[in-house]
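Here is a short tour of one protein chain. Have the sequence and the 3D view open as you read.

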Amino acid sequence: MQITEEQNAIKQLIVAYNDAFNGADISRTVACYAPDGILIPNNGPLAQGTDQLTASFNILLKTFEIRISYVIDEIVVIGDYAFARTHSDVVTHVKASAENISLKNKELFVLRRHLGEWKISHYIFNNTSINK
């Protein structure tokens, strides 16, 4: 299958999101979202918009050190919207207890073109396995 320019731009956005999040760079992480973007985490509260996303990532990254490694399974582009289905391996270090948790997740990114660039509109994930 040939990868289109749009699919490649979306792949690069997911890589940038992964790198920013793994680097605990909250401003770069939030910048990957549309201004009204929505994070729908597994077992956590929804965060919508730049302020809520920033607050959510601040709390998350003060509590945990998280390393995610995404594998992109599918990218579909339909006009100014797209979705990317991924799966990932996640290593979470709980700062308070020094406990390490390994997770396997599956994710869905809904993306839309905002001011000429692809941004995350909605991001939802859930755990498929947890190893402590």
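## Rings that pair

Start with a definition: rings of Phe, Tyr and Trp pair if their centres lie within 6.5 Å. With that rule, ring pairs link Tyr17, Phe21, Tyr33, Phe57, Tyr70, Phe109, Tyr123 and Phe125 into a cluster. Keep in mind that this is a predicted model. The structure holds 10 aromatic pairs.

Take one of them. Tyr33 and Phe57 sit 6.2 Å apart, centre to centre, with 50° between their planes, and the pair is tilted. Tyr33 belongs to strand β1 and Phe57 to helix α3, so this pair links distant parts of the chain, 24 residues apart. Tyr33 is buried at 4% relative accessibility. Phe57 is buried too, at 2%.

Now take another. The ring centres of Tyr70 and Phe109 are 5.6 Å apart, and their planes meet at 70°, so this pair is edge-to-face. The cut-off behind that label is an angle over 60 degrees. Tyr70 is in strand β3 and Phe109 in strand β5, so the pair ties together parts that are 39 residues apart in sequence. Both Tyr70 and Phe109 are buried.

## The sheet

In what order do the 6 strands of the open sheet lie? The order is β2-β1-β6-β5-β4-β3, and the pairing is mixed. Strands β2 (47-48) and β3 (64-78) are at the edges. Each has a single partner strand, so one side of each is left without a neighbour in the sheet.

Follow β4 next. Strand β4 covers residues 81-94, strand β5 covers residues 100-114, and the two pair in the antiparallel sense over 13 bridges. Asp89 has Lys104 in β5 as its bridge partner. Ser88 has Asn105 in β5. The hairpin of β4 and β5 has 5 residues between the strands, and Ala98 there takes a positive phi near 65°.

Then move to β6. Strands β5 and β6 also pair in the antiparallel sense, over 13 bridges. Lys106 has Asn126 in β6 as its bridge partner. This hairpin has 2 residues between its strands, and Leu115 in the turn has a positive phi of about 50°.

Which strands does helix α1 touch? Helix α1 (residues 5-22) packs on the sheet and touches β1 (33-40), β3, β4, β5 and β6 (117-131). The direction of α1 makes about 170° with that of β3. Helix α3 (residues 49-63) lies across β1, β2, β3 and β4. Helix α3 runs at about 50° to β1.

## The nonpolar core

In soluble globular proteins, nonpolar side chains tend to be buried together. Here the largest nonpolar core has 29 residues. Tyr17, Phe57, Phe109, Leu111 and Ile120 have the most contacts inside this core. The elements giving two or more residues to the core are α1, α2 (26-31), β1, α3, β3, β4, β5 and β6. Helix α1 gives the most, with 5 residues.

Leaving aside neighbours within four places in sequence, Phe109 is in contact with residues including Ile14, Tyr17, Tyr70, Phe83, Ile120 and Tyr123. With residues up to four places away not counted, Tyr33 touches Tyr17, Ile38, Leu39, Leu53, Phe57, Lys119, Ile120 and Tyr123.

## Charged pairs

Side chains of opposite charge can pair when their charged atoms come close. The whole structure has 9 salt bridges. In one of them, Arg113 pairs with Glu6, and the closest N and O atoms are 2.9 Å apart. Arg113 lies in strand β5 and Glu6 in helix α1, so the pair ties together parts that are 107 residues apart in sequence. Arg113 is partly exposed at 26% relative accessible area. Glu6 is partly exposed at 27%.

Asp36 and Arg112 form another salt bridge, with the closest N and O atoms 2.6 Å apart. Asp36 is in strand β1 and Arg112 in strand β5, 76 residues apart. Are these two partners buried or partly exposed? Asp36 is partly exposed at 36%, whereas Arg112 is buried at 15%.

Glu65 and Arg67 form a salt bridge as well, with the closest N and O atoms 3.7 Å apart. Finally, salt bridges that share partners join Glu6, Asp80 and Arg113 into one network.

How values were computed:
Residues are numbered from 1 along each chain as its sequence is written. This is a predicted model: local features need pLDDT of at least 70, side-chain atom pairs count only at pLDDT 80 or more; totals for chains, interfaces and linings use all residues. Side-chain values use heavy atoms; hydrogens and water are left out. Two strands pair if DSSP finds at least two bridges between them. Helices (H or I, at least four residues) and strands (E, at least two) are DSSP runs, numbered from the N terminus. Contact means heavy atoms within 4.5 Å. Axes are lines fitted to C-alpha atoms, for helices over the stretch in contact, and angles run from 0 to 180 degrees between N-to-C directions. Rings of Phe, Tyr and Trp (its six-membered ring) pair if their centres lie within 6.5 Å; planes under 30 degrees apart count as stacked, over 60 as edge-to-face and the rest as tilted. Buried means under 20% relative accessible area, exposed over 50%, partly exposed in between (1.4 Å probe, protein chains only). A nonpolar core is a set of buried Ala, Val, Leu, Ile, Met, Phe, Trp, Tyr and Cys residues joined through side-chain atoms within 4.5 Å. A salt bridge is a side-chain nitrogen of Lys or Arg within 4 Å of a carboxyl oxygen of Asp or Glu.
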